[in-house]
Amino acid sequence: KIFTMSATTCLKEKDRELPNPLAVQFFKIVDTIIYGLACIRDRSLENPPNYFLEKNFKPVQKELFEKDLKFTASDMAVLDEIEGEFVRNGPNPKFYSRLGYHWFDGDGMLHGVRIKDRKINYVNRWTKTNRFKREEEEQRDIYLRLGTLNGILGLISVAVLKIKESFGVGENVAMGTGTANTALAFHDGRLLALVENDCPYAVNMLLDGEFETLGRHDYEGKLNHAMTAHPKIDAETNELMFFCYGATTPYLTYAVINAEGKYVHKAEINIPTPVMMHDFAVTEKYSIFQDFPLEFHPKNMITKGSAYSFNPNRPTRFGVMGRYETNDNVRWFNFAPGFIFHNFNAWEETNEKGETIISIIGCRSDSIDLGVLKLEPPRPHLYTINLTTQETFETSVSDVLCEFPTIHPDKVGKPNQFAYCATMDPTREVMFNGVVKYDLSNYKNGKIEEVGRINYGQNRFGGEAIFVPRKNAKTEDEGYLMTFVYDEKIEESDFVVYDAKTMSEKALVSVTLPQRVPFGFHGLFVEESKLKNQKDYLP
């Protein structure tokens with residue numbers, strides 16, 4: 001039941017009988033007992049504070065909307081070039097469990113910077129998911145989270161949830177249990193807030209920058225499974241490709257939304273065991289699934305501390321199929337065990353022998369402990385698949401520790417020259433101190449060439465830097481990098497814009513925000529024309 005159900009089911013849910021009040025009260029007592037045991041456990045183990053609830057991982061509780069912020073700009077004309085709204089998604093829990101909190105668990109919060117007529121506004125809003133609204137009504141956390149799926153208490157919580165469902169007081173899967181906290185996509189005139197265990201939530205951006213949650217978008221009831229946080233949009237056809245994974249069969253499902261926003265293709269893909277599959281890749285003709293050995297086994301909550309555990313004895317497998325093909329057409333290729341959260345890109349080419357070669361670059365770790373988010377330092381890694389001869393090849397292509405890669409949005413699934421990646425501070429856990437620029441076309445001595453780097457400065461940390469192309473650009477790298485940067489010393493966050501071509505460390509635009517922005521995940525930039533032509537309704 002990691003997946004949601006269809007909108008038809010959601011509508012019927014309103015007509016169901018309310019659960020027995022005595023059952024509701026009984027299970028509240030059970031929850032209180034479990035929480036009490038968690039408190040006793042924490043005191044007996046003298047557990048340190050949760051790293052992902054401290055400093056700038058700590059959630060903010062105020063929703064602000066501030067207009068006409070003061071800023072510095074090296075050239076005011078830059079503001080004319082970037083009219084639109086920068087939006088970043090991330091976890092910001094309103095309620096969290098004593099059983100455990102994982103960085104991936106928090107409620108989705110959008111932080112937006114609206115640029116128009118050389119003025120800048122800032123807004124932050126929780127995405128009002130069905131889960132968020134129900135927990136607000138209860139004024140407590142009532143859903144299982146990744147951080148709770150550990151130890152004997154985690155296993156007990158799963159068992160109690162199953163019993164709750166038999167009494168009609170469970171999580172109400174039919175209404176959706178996702179947080180919409182991970183990433184964003186703009187497709188068919190709608191901003192979509194995404195998390196990988198639910199349908200997307202459509203969010204309307206008002207012209208002043210304000211956000212308004214429209215609701216859970218299930219494509220007229222046809223999307224009866226989850227959508228990955230990382231769908232791929234073909235810039236030429238405007239098709240949106242995506243997948244979902246789950247703990248019950250089918251463990252992998254793939255689908256396509258066409259340019260008109262219609263759900264037009266679905267394929268259930270056979271894989272041998274449930275795994276976490278955060279990202280995938282597409283080329284102009286193919287979709288590529290990445291079956292890494294991060295496996296889901298509930299018993300591991302006791303034996304290994306988390307329901308997800310890395311199996312170093314099982315190979316990584318990449319499955320390749322045509323965009324509109326099915327499970328029968330998937331071809332699988334083995335690689336060394338490892339894990340990738342995010343890919344740079346993938347593309348296909350024909351060599352001098354007429355053979356079709358697929359290349360994929362991602363930020364690969366040798367292993368990962370998902371429960372505590374400990375991973376071997378990720379580095380750019382190249383995989384190639386010769387579809388004609390079935391030969392494969394892989395190699396590390398950079399020694400730089402980095403994550404959150406971004407590219408020109410029109411180059412998704414096509415050969416691209418430049419990529420940008422957030423550089424990791426090797427002395428700090430999941431902290432990013434700058435951004436590196438790569439020239440993927442310049443492949444020397446087995447490495448891709450680093451052609452620029454921006455360091456945020458002492459005690460300053462950021463995250464994913466979004467590439468925004470310039471209007472009428474003549475080269476692929478003519479554009480801007482946008483991100484939030486947090487200064488630990490003064491505890492303030494800035495919105496910054498850099499020159500992606502020159503990679504100068506001097507920001508073109510810098511705005512100190514009215515409150516800090518907690519570290520988060522992924523964002524995008526919505527240009528002015530798309531803002532003005534949004535669909536402010538669900539079909």
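Two strands count as paired if DSSP finds at least two bridges between them. The model described here is predicted. In it, strand β8, residues 201–205, meets that criterion with β9: the two run antiparallel and share five bridges. Within this pairing, Ala-202 stands opposite Gly-215 of β9.

β8 and β9 belong to an open sheet of four strands, ordered β6-β7-β8-β9, with antiparallel pairing. The edges are taken by β6 (183–187) and β9 (211–216); each has a single partner strand, so one side of each has no neighbour in the sheet. On average, neighbouring strands of this sheet are turned by 30° against each other, direction ignored.

Searching the whole structure gives one cavity of 30 Å³ or more. The volume of the largest cavity is about 150 Å³.

How many residues line the largest cavity, and which of them lie nearest its centre? The lining consists of 21 residues, and those nearest the centre are Arg-88, Gly-462, Gly-463, Phe-519 and Gly-520. Sorted by class, the lining of the largest cavity holds 13 nonpolar residues, six polar and two charged.

Strands β3 (84–91) and β32 (479–487) each contribute at least two residues to this lining. The most comes from β32, which gives four residues.

## Asn-89 in strand β3

Asn-89 is located in β3, a strand that also supplies residues to the lining of the largest cavity. Is Asn-89 buried or exposed? Its relative accessible area is 0%, and residues under 20% count as buried, so Asn-89 is buried.

Asn-89 and Thr-127 are separated by 38 residues in sequence, while their C-alpha atoms are 9.4 Å apart in space.

## Cysteines

How many disulfides does a search of the whole structure find? The search finds zero. Cys-402 is in no disulfide; its nearest cysteine sulfur belongs to Cys-421 and is 3.3 Å away.

Methods: Residues are numbered from 1 along each chain as its sequence is written. This is a predicted model: local features need pLDDT of at least 70, side-chain atom pairs count only at pLDDT 80 or more; totals for chains, interfaces and linings use all residues. Side-chain values use heavy atoms; hydrogens and water are left out. On a 1 Å grid over the protein atoms alone, a cavity is a set of points where a 1.4 Å probe fits but cannot get out, and a pocket is an open set with protein on both sides within 12 Å along at least five of seven lines; lining residues have an atom within 4 Å of a point. Grid points are joined across faces, edges and corners, and a volume is the space filled by probe spheres set on the points. Ala, Val, Leu, Ile, Met, Phe, Trp, Tyr, Cys and Pro count as nonpolar, Asp, Glu, Lys and Arg as charged, and the others, Gly among them, as polar. Axes are lines fitted to C-alpha atoms, for helices over the stretch in contact, and angles run from 0 to 180 degrees between N-to-C directions. A disulfide is a pair of cysteine sulfur atoms within 2.5 Å. Buried means under 20% relative accessible area, exposed over 50%, partly exposed in between (1.4 Å probe, protein chains only).
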